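Please open the model in your viewer and keep the sequence alongside, ready to select residues by number. The tour moves from one selection to the next.

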Amino acid sequence: VGFFLDRLSAAAASSASSVQPALASLRAGRFDEAMAALERTADDRLAPVFLKGLVLLERGDFNGAAGHFRTALRMDADFYAAAFYLGACHAAAGRDRDAAAAWQASLITDSAAPFVYTLLADALLRAREVPQAIDILMEARTLWPTDPEVGLRLGTALMMANLMWQGMTVANDAAFHSRIASVICPTTSSP
């Protein structure tokens with residue numbers, strides 16, 4: 001959540017005083033407290049709408065959360081955090097193709113996070129869109145060549161495409177990078 005809350009700061013500036021308590025509560029993982037702070041804000045600005053969507057998603061209200069994320073996207077079509085979490089709502093509801101479309105949209109506006117690529121690829125693989133998943137993961141592999149999550153998923157996708165040797169090679173390489181990272185930074189865990 002912190003990754004996206006950092007990107008919200010510019011949008012939150014217009015309603016800074018009203019959303020700061022909610023932002024602080026969300027960063028601390030206190031979702032009920034955040035919603036209580038947000039109940040005093042109007043749904044006419046991006047930040048409160050998006051933050052309420054996060055709280056609803058955490059509560060398991062996928063339809064309510066999706067509605068807030070759609071509203072946030074109508075307010076700012078380039079606010080990819082809303083597209084990302086809309087994808088999460090779709091994935092939680094078992095609508096992998098819709099999730100993939102939302103995550104693809106989030107990549108168009110900001111491609112700075114490897115986890116967006118891996119989630120998109122996971123949804124595509126569940127939907128049996130293996131060639132498209134391979135394309136996304138190859139792009140991610142160019143950006144983060146040693147990221148073990150990207151590598152393991154690419155290896156899996158290649159094997160699902162009956163490219164066993166290539167898949168095993170990529171997966172083995174990813175496992176090697178993961179082991180090296182755990183030796184160099186033993187307290188760091190994978191996301």
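Select Gly60, which follows helix α4 and has a positive phi, near 90°. This is a predicted model, in which local features need pLDDT of at least 70 and side-chain atom pairs count only at pLDDT 80 or more, while totals for chains, interfaces and linings use all residues. Residues are numbered from 1 along each chain as its sequence is written, and side-chain values use heavy atoms, with hydrogens and water left out.

Next, step back to α4 itself, residues 46–58; helices here are DSSP runs of H or I with at least four residues, numbered from the N terminus. From first C-alpha to last, its 13 residues reach 19 Å, close to the 18 Å expected at 1.5 Å a residue, the expected span being 1.5 Å times one less than the number of residues. Of these 13 residues, 12 are buried (under 20% relative accessible area, with exposed over 50% and partly exposed in between, for a 1.4 Å probe and protein chains only).

Now turn to the aromatic pairs, of which the structure holds eight; rings of Phe, Tyr and Trp (its six-membered ring) pair if their centres lie within 6.5 Å, and planes under 30 degrees apart count as stacked, over 60 as edge-to-face and the rest as tilted. Select Phe50 and Phe69, whose ring centres are 5.7 Å apart with planes at 50°, so the pair is tilted. Phe50 lies in α4 and Phe69 in α5 (residues 62–75), so the pair ties together parts 19 residues apart in sequence; both residues are buried.

Then select Phe84 and Phe115, an edge-to-face pair at 5.6 Å centre to centre and 85° between the planes. Phe84 is buried, at 6% relative accessible area, whereas Phe115, at 29%, counts as partly exposed.

Note on methods
Helix = DSSP H or I, 4+ residues; strand = E, 2+ residues; numbered from the N terminus.
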